[in-house]
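Subject: Handing over the structure

Hi there,

I am passing this structure on to you, with some notes on what turned up in it. Have a look at it first, and then read on below.

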2 protein chains.
Amino acid sequence: MTDTAPAELDALLDAAVAAAAVLRDRPLTERAAWLRAAAEALDADAEALLPLAEEESHLPRPRLTGELARTTFQLRLFADEVETGAFLDAVIDHADPDWGMGPRPDLRRMLVPLGPVAVWAASNFPFAFSVAGGDTASALAAGCPVLLVAHPGHPRLSERTARVLRDALTAAGAPDGVFALVEGQDAGRTLIQDPRVTAGAFTGSLRGGRALFDLAAGREAPIPFYGELGSTNPAVVTRGAAGARAAEIAEGFAGSMSLGVGQFCTKPGVLLVPAGSEVPALVAERLGAMAGAPMLNGRIRDGYGQALEALAAHEVVEVLAGSVDPDADPAPTLLRTSAAEVVADPRPLTAEVFGPAALVVEYADDAELLDAVRAFEGQLTATVHGEPDEQVVPALLDTLSERAGRVLWGGWPTGVTVSYAQQHGGPYPATTAVGTTSVGTAAMERFLRPVAYQGLPDALLPPPLRDGNPWAVPQRIDGTRP
Amino acid sequence: MTDTAPAELDALLDAAVAAAAVLRDRPLTERAAWLRAAAEALDADAEALLPLAEEESHLPRPRLTGELARTTFQLRLFADEVETGAFLDAVIDHADPDWGMGPRPDLRRMLVPLGPVAVWAASNFPFAFSVAGGDTASALAAGCPVLLVAHPGHPRLSERTARVLRDALTAAGAPDGVFALVEGQDAGRTLIQDPRVTAGAFTGSLRGGRALFDLAAGREAPIPFYGELGSTNPAVVTRGAAGARAAEIAEGFAGSMSLGVGQFCTKPGVLLVPAGSEVPALVAERLGAMAGAPMLNGRIRDGYGQALEALAAHEVVEVLAGSVDPDADPAPTLLRTSAAEVVADPRPLTAEVFGPAALVVEYADDAELLDAVRAFEGQLTATVHGEPDEQVVPALLDTLSERAGRVLWGGWPTGVTVSYAQQHGGPYPATTAVGTTSVGTAAMERFLRPVAYQGLPDALLPPPLRDGNPWAVPQRIDGTRP
């Protein structure tokens, strides 16, 4: 991978600005067709893309096959969503001489694309959160050109995916400059500070994401930065659930926390269980039977080793299963502490450990459970295994929904479906933009901004705001929703 | 005005946190009733509020009467909007074993209130952008308690408005802590950095707003900061319009730029006219007949004097009408430069001057006009007076809509209606949050965040997401919009 040179980056940015003006004005049906063409081209290139992904990510073929299918499904779902035009949020207020605060002019509002967007690829989803992943798909769907900062963990896959994507988009009629691959950390830092870039989207580490957020916020003209930085994803087992189905819960948890070598931002990293429950021993038993597996790359392996070592060395933590050996492929590892210790000093015990490790937190009673849950910072997900009529449940769900973007009742947080109701986000440090999601159709909203037009003749209005509604988009008219 | 002491502020924050938990769960009909009760109480207290406002702001009674009407209309409009429940954006995806990327769990998403919000009052709208103004109304409508930082320009009015508002809210059944007045700059800085505060909203100067934005972004856990900081609001007169109705345009512009002693964030501060047009002379003639008037307070007067003096002293600027005398009540003042100078060095010529001054910018041809327009930073508004069939119009509207939140065809930007389609925002420095508005029903969106619930039994779901839809809110179900 060769770092993108400054002059080349400058040319890519100019091309993106030119493309933005074209994207803004072309019909939604064309934009949808570009996305579908991209999905088809990626599916058609699967036999070349999958071996590259396998080689560079060390992830097994079936997982990668499924991930590519998810990625192209996502492009097609956004295409469908684009065609409805509902995301434009078109609102028409006709002039009204009797409006309650005084005469109202004709005023029409819709969302328009922000402009060129910088997207950082993640290492742990070489398809779904990388070159042609969710951030790229949602930005293109919103009508924004994308400058994609490749992840150095899968350089050849990135280059091939970018070529397939860009060629498919332009062959389908999208303007040159609609998509470009950028390589190198320096190029990324240049991008987020360039006046031509209107937003950033990132999935990765707290440290890397916060550094980029700080650059975006520190610009002379700050821009939105949508960072998905990390999450511990606490899972709670109530006393009732622990008594009713300990084995089932233990099996589910062991599978979820070890899936993909624990390299998911939604990995359940903490399991809160009632003291005296058999769940921890059952989890430890299952994990003990699992072999180690290679991680995505050496840097992630080193980071995992250090974080795990620090947690295991904490005086209130004991190791129940697995290994903290920094030289072996990591085996799923279970540690244990108490809720009282979490309440006393939450930070070191609730921080994300990216990899196949989880911490069991034993609580004495429901009050201690709630106190421990309140000690958590912002989360992507929070899970409850409980019985619907247990007294603690409403307070538990309220407390978790204050802290997490997605709250699960039963099941496990790994596996994030792409749909209309998905929410992949949460208060900091889960993300840097609490009001947004990076998965699901609502992810488009991040790359749009409202513009109101006052008193324009019909012919000068953008088509979605015209009285004849030539694009047949939903329009809220004089307060009445479609 | 006594600065709020740290211990008192701490207690107010705790009360706001307690109130947030109550607000979140109470039915929307109750929240709407609180807002209506507040509107009624403010209207009922008009005879006490208006003289205070007149005395402290130096604004004339008719303007203040209208502004109070706007303020209570706004509270009632938000009440209506709350009751529809549409702002919750409820989305239900039922479990689907045949979902394109693999089986989909039951997933339901809605927007929930962020929590306690800090709002800074503005000086120039002692009702509509102050204690009970748009930020307060939209935050309460969204279900967020408000800590309102009073503007020192109208302390007694602030205290009385706050008392009326708080008493009305709690008498109507809202929890204690739903609203509190905070006084003093230090208290404001403490608020924006307090972990209990979940967002900030501000209308005021670029310097003050940027300082608060930097504090919000620099927190260990950054929060959204919605700052409305300033705008020059360029207005363009095309060659066609200048030829067709110079007198009408000159009269409209002179009225708009001098309205309220030029103390509006939407004051048109630059008028771009074709070289040789009679418009500037006609404007100067009208302004020459207007008397000086006192500004809101000494600090604003000083700031205006300095900004105007700097602009008038610029070697490419000449004074056409008015006065730069720093000791007199400011009279409407008109200055002139050329588009070529604006393109050559935009910053000093396009910066906001808060007060009754405006700069005429003469352009040679349409290409120079477009170049000059491209030299502007983010704007709240941009206005065009043109003929629909002029060749320059489409490019002009496109260029302006890339830079402004509201684009007007004819008319003038002062006078911002509160409605469904209103957009009061724009790229930096108009605001610090390009995707949002601080006026109109969409202003509520700033204080909400999405939460998805996966696999919850119906009885444990928030009412807006239940199958029976007990609150009768619009629900998007399995992709089908209501």
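Let's begin where the chains meet. Please keep in mind that this is a predicted model. In it, 77 residues of chain A are in contact with 77 residues of chain B. Between them the two chains bury about 6100 Å², and 57% of that lies on carbon and sulfur atoms. On the chain A side, the residues that lose the most area to chain B are Met101(A), Tyr420(A) and Arg449(A), which together make up 11% of what that side buries.

Which polar links cross this interface? There are 44 residue pairs in polar contact between chain A and chain B, with both residues at pLDDT 80 or more. The elements of chain A that give two or more residues to the side touching chain B are the helices α1 (6–25), α4 (61–84), α8 (206–218) and α15, and the strands β1 (90–93), β2 (107–113), β14 (404–409) and β15 (448–454). The largest share, seven residues, comes from β15(A). By type, the residues on this side of chain A divide into 38 nonpolar, 16 polar and 23 charged.

Ten salt bridges run between chain A and chain B. One salt bridge to look up joins Glu220(A) to Arg347(B), with their closest N and O atoms 2.6 Å apart.

Over all chains, the structure holds 62 salt bridges. Here are a few found inside a single chain.

In chain A, Arg156(A) and Glu56(A) meet through their side chains at 3.7 Å, N to O. This pair links distant parts of the chain, as Arg156(A) sits in helix α6 (residues 155–171) and Glu56(A) in helix α3 (residues 46–57), 100 residues apart. Is each partner buried or exposed? Glu56(A) counts as buried because its relative accessibility is 12%, under the 20% cut-off. Arg156(A), at 41%, counts as partly exposed.

In chain B, the side chains of Asp194(B) and Arg196(B) form a salt bridge of 2.9 Å, N to O. Asp194(B) is buried, with a relative accessible area of 10%, whereas Arg196(B) is partly exposed at 22%.

Another salt bridge of chain B joins Arg374(B) and Asp371(B), at 3.1 Å from N to O. These residues are three apart in helix α14 (residues 366–374) of chain B, so about one helical turn separates them. An α-helix has 3.6 residues a turn, so residues three or four places apart point the same way. Both partners are partly exposed: Arg374(B) has a relative accessible area of 43%, and Asp371(B) is at 38%.

Finally, turn to helix α14 (residues 366–374) in chain A. Which of its residues are buried? They are Leu369(A), Leu370(A), Ala372(A) and Val373(A). Looking down the axis of α14(A), you will see these buried residues fall within an arc of 160°, so they line one face of the helix. What covers them includes the strands β8 (234–237), β9 (270–274) and β12 (357–363), along with the helices α12 (339–344) and α15 (393–403), which belong to chain A as well. Helix α15 of chain A is also among the elements that give two or more residues to the side touching chain B.

Enjoy exploring it!

Best wishes

Conventions. Residues are numbered from 1 along each chain as its sequence is written. Chains are lettered from A and ligands numbered from 1 in the order in which they are written. This is a predicted model: local features need pLDDT of at least 70, side-chain atom pairs count only at pLDDT 80 or more; totals for chains, interfaces and linings use all residues. Side-chain values use heavy atoms; hydrogens and water are left out. Buried means under 20% relative accessible area, exposed over 50%, partly exposed in between (1.4 Å probe, protein chains only). Helices (H or I, at least four residues) and strands (E, at least two) are DSSP runs, numbered from the N terminus. The arc is that of the directions from the helix axis to the C-beta atoms. Contact means heavy atoms within 4.5 Å. Buried area is the accessible area (1.4 Å probe) that two parts lose on being put together, summed over both. A salt bridge is a side-chain nitrogen of Lys or Arg within 4 Å of a carboxyl oxygen of Asp or Glu. A polar contact is a pair of N or O atoms within 3.5 Å; within protein, one must be able to donate a hydrogen and the other to accept it, and residues adjacent in sequence count only if both atoms are side-chain atoms. Ala, Val, Leu, Ile, Met, Phe, Trp, Tyr, Cys and Pro count as nonpolar, Asp, Glu, Lys and Arg as charged, and the others, Gly among them, as polar.
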